[in-house]
Amino acid sequence: MSAPAPLLRIDQIEVAYHRVITALQGVSVDVHAGTIVAILGTNGAGKTTTLRAVSGFIGLDDARVTSGRIVFEGEAIENQPPHRITTRGIVLVPERDKVFPNLTVAENLEATVTRPGSDRRGLIDAVWELFPALTRLKRRTAGLLSGGERQMLAIGSALVCGPRLLLVDALSQGLAPRIVDDIAERLRQVRDRMGVSVLLGEQNAELALSMADHGYSWRTVALYWTARPRVCVSMPTCRSFIWAARANDAAIARSNSIGAAAGGLDDAVSCASG
Ligand SMILES: Nc1ncnc2c1ncn2[C@@H]1O[C@H](COP(=O)(O)OP(=O)(O)O)[C@@H](O)[C@H]1O
Ligand SMILES: [Mg+2]
């Protein structure tokens, strides 16, 4: 029996800003339904560009997918405007400008447009249940929230859209480890209870690999040196890890078990350092 087609397939995309600056080349990522997938990389690796390419927001940054394909549920979606992509069920939690700062928490959820066919009331109730901390802050102006509360509200607002695939950029950025662990657990519940798939762009390798079913990274030797000692113990869920260079090199390590995945990283590290 052949494997089911992925929900999302990013296939060898190239992205250029302002028609001249190539930010990504040869990037391929698959996200299967019901999984959390992590893209790892240090600053400038292309995580945000990848997530904004999938969500269509690169158009607002004067960037385009100049080659390759992005296929969602069997249909090509590259270079479509964000509202069309959101309507298909792909919703971005951006790195910046996550919430409407002048609206209250409750108003932020109310201001979110729900996809046709989704149960808006049910989604809002699910968000209150998922984030009890937000329920206690319903009337708080979003601009006064802490970083963690703001991240929860951003994820909550994205869920009110009724996504099939949630794109979360820089989940842990600027947040205390305890808060990050809590939000990570909520995202697992989003996958398990709401059936929403998640694609993370994340600098914190330990966090990403502790959450993800599958991981991808671009060549960033320093990241591996810091991540490697912990990878073996912090990959309870990661079934495969694909280490690929940023610029179209073949994947170097691909494996299907935790032990082999850690071994694959060893190979990647020795390959990159030697
Ligand atoms: N608006 C922009 N204009 C030109 N280049 C950009 C722009 N945004 C990002 N880039 C470039 O694209 C590359 C990838 O950046 P980015 O996707 O932000 O990486 P990450 O999110 O992994 O830190 C970097 O070289 C960055 O300088
Ligand atoms: Mg980024």
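This is a predicted model: local features need pLDDT of at least 70, side-chain atom pairs count only at pLDDT 80 or more; totals for chains, interfaces and linings use all residues.
User: Which residues of α7 are buried?

Analyst: An α-helix has 3.6 residues a turn, so residues three or four places apart point the same way. Helices (H or I, at least four residues) and strands (E, at least two) are DSSP runs, numbered from the N terminus. A residue is buried if 20 or more other C-beta atoms, placed from the backbone, lie within 10 Å of its own, exposed if 12 or fewer, and partly exposed in between. In α7 the buried residues are Val 180, Leu 187 and Val 190. Seen down the axis of α7, they fall within an arc of 65 degrees (taken from the directions from the helix axis to the C-beta atoms), so they line one face of the helix.

User: Which exposed residues does the face turned away from the buried side carry?

Analyst: That face of α7 carries Arg 178, Glu 185, Asp 192 and Arg 193.

User: Where does Asp 62 lie, and is Asp 62 buried or exposed?

Analyst: Asp 62 lies in the loop between α1 (47-55) and β4 (63-72). Asp 62 counts as exposed because it has 11 C-beta neighbours inside 10 Å. Its phi is positive, near 55 degrees, in a residue other than glycine.

User: What is phi of Asp 97?

Analyst: Phi of Asp 97 is near 45 degrees, and Asp 97 is found in the loop between β6 (90-93) and α3 (105-110).

Notes: Residues are numbered from 1 along each chain as its sequence is written. Chains are lettered from A and ligands numbered from 1 in the order in which they are written.
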